[in-house]
Amino acid sequence: MRRARPGAASKGPRGSAERALTSVAAGDAYDEETAGEATEGSAEEGPRLWHVTLSVSGAEAPIAEVRRGLEQLAHDHPFLLTSRYAVDHAEIRYWEEARDLHDAAAVALRLWGEHRRTSQLPPWEIVGLEVIDRQTYHHRIAEGYGPLPATPVGVHPF
């Protein structure tokens with residue numbers, strides 16, 4: 001599965017200097033209420049955006065090493081919105097582009113383990129995962145509950 005920031009279009013090999021962001025006008029037929037929703041039985045069901053919150057926990061680790069590891073993960077994978085951390089747990093929040101919830105959850109469940117060595121993350125285990133669609137995320141925010149918008153973006157202590 002190819003992963004990219006929403007809205008990013010690659011014109012060359014991954015990581016090349018030729019990558020550019022593009023913007024496309026919505027057009028007259030765009031309906032904000034149904035945008036991103038797949039109709040049942042539609043022939044072209046494309047990827048959707050999913051808001052992912054991944055929680056990890058384990059034995060205490062030096063706080064500076066936890067921060068450095070999360071910063072490295074964010075540098076290697078700029079799709080990460082925000083990370084919060086303490087000496088024994090962390091939370092990572094980001095948007096995932098995937099065909100369905102199963103694909104988004106599968107990618108999220110692999111994130112920590114696959115990047116533990118390269119980002120020098122603590123050997124913690126995944127203790128929580130929430131994957132919600134874009135519409136549900138925005139509905140929660142509008143109602144005043146659910147995960148607060150991921151601001152400020154970056155790596156921050158709890």
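Mentor: Contact here means heavy atoms within 4.5 Å. The model is predicted, with local features needing pLDDT of at least 70 and side-chain atom pairs counting only at pLDDT 80 or more, while totals for chains, interfaces and linings use all residues. Residues are numbered from 1 along each chain as its sequence is written, and side-chain values use heavy atoms, with hydrogens and water left out.

Trainee: Which residues does Leu111 touch, not counting residues up to four places away in sequence?

Mentor: By that criterion Leu111 touches Leu54, Leu73, Phe79, Leu80, Ile92 and Tyr94.

Trainee: Why is Gly58 called partly exposed?

Mentor: Buried means under 20% relative accessible area and exposed over 50%, with partly exposed in between (1.4 Å probe, protein chains only). Gly58 has a relative accessible area of 30%, so the residue is partly exposed. Leaving aside neighbours within four places in sequence, Gly58 is in contact with Asp88 and Trp124.

Trainee: What makes the span of α1 close to the expected one?

Mentor: Helices (H or I, at least four residues) and strands (E, at least two) are DSSP runs, numbered from the N terminus, and the expected span of a helix is 1.5 Å times one less than its number of residues. With 14 residues, α1 reaches 20 Å from its first C-alpha to its last, close to the 20 Å expected.

Trainee: How do you know that the buried residues of α1 line one face of the helix?

Mentor: The buried residues in α1 are Val66, Gly69, Leu70 and Leu73. Seen down the axis of α1, the buried residues fall within an arc of 95° (taken from the directions from the helix axis to the C-beta atoms), so they line one face of the helix. The face turned away from that buried side carries the exposed residues Ala64 and His75.
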